[in-house]
Amino acid sequence: MKNSGVTIVIVPSLALMHNHIKYLRSKNIEVTCINKLTAYANREVIIAKLKTDCSTTRFLFLTPEMAAWDGIKSFILQLINENRVNYFVVDEAHKVIDAADYRGNFLILKEFRTARQDLIWIALTTASKTA
């Protein structure tokens with residue numbers, strides 16, 4: 001893993017997100033998340049911290065809906081453009097194939113993908129009905 005910057009992880013399931021976060025914290029890895037359960041004030045605190053310093057928070061977990069929200073979207077694009085994102089991870093990536101039918105907010109990934117061509121993307125999946 002690179003030494004500075006944050007890894008952004010898009011996870012469609014809150015339960016799965018919670019499991020990932022719990023595991024990483026058990027390994028003393030600093031991680032944060034923004035999802036529908038995150039209070040607006042807490043979102044602003046998380047964003048402010050990451051805007052000033054990405055060196056301690058290793059992972060930022062987001063749901064597709066939060067990534068598509070204008071405030072979060074512009075924040076992510078800012079981090080990408082400032083070269084402060086190490087990796088972009090999409091968990092349950094098979095859901096992207098069916099994005100229009102499943103969750104249209106996955107379509108925001110295209111905008112992030114085209115923001116910086118050299119950003120490393122990792123797509124993870126365990127199953128696919130289309131494969």
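Is Thr 32 buried or exposed, and what is its relative accessible area? Thr 32 is buried, with a relative accessible area of 16%, where buried means under 20% relative accessible area, exposed over 50% and partly exposed in between, taken with a 1.4 Å probe and protein chains only. The model is predicted, so local features need pLDDT of at least 70 and side-chain atom pairs count only at pLDDT 80 or more, while totals for chains, interfaces and linings use all residues. Residues are numbered from 1 along each chain as its sequence is written, and side-chain values use heavy atoms, with hydrogens and water left out.

Thr 32 has its place in strand E2 (residues 31-34); strands (E, at least two residues) and helices (H or I, at least four) are DSSP runs numbered from the N terminus. Leaving aside neighbours within four places in sequence, Thr 32 is in contact, meaning heavy atoms within 4.5 Å, with residues including Ile 46, Leu 50, Phe 59 and Phe 61.

Helix H4 (residues 70-81) has 12 residues and reaches 16 Å from its first C-alpha to its last, close to the 16 Å expected, the expected span being 1.5 Å times one less than the number of residues. Its buried residues include Ile 72, Phe 75, Ile 76 and Leu 79. Just after H4, Asn 83 takes a positive phi of about 60°.

Phe 59 and Phe 61 form a tilted pair, 6.3 Å centre to centre with 35° between the planes, and both residues are buried. The pair of Phe 88 and Trp 121 is stacked, because the ring centres are 4.2 Å apart and the planes stand at 15°. Since Phe 88 lies in strand E4 (residues 85-90) and Trp 121 in strand E5 (residues 120-123), this pair ties together parts that are 33 residues apart in sequence.

Technical notes:
Rings of Phe, Tyr and Trp (its six-membered ring) pair if their centres lie within 6.5 Å; planes under 30 degrees apart count as stacked, over 60 as edge-to-face and the rest as tilted.
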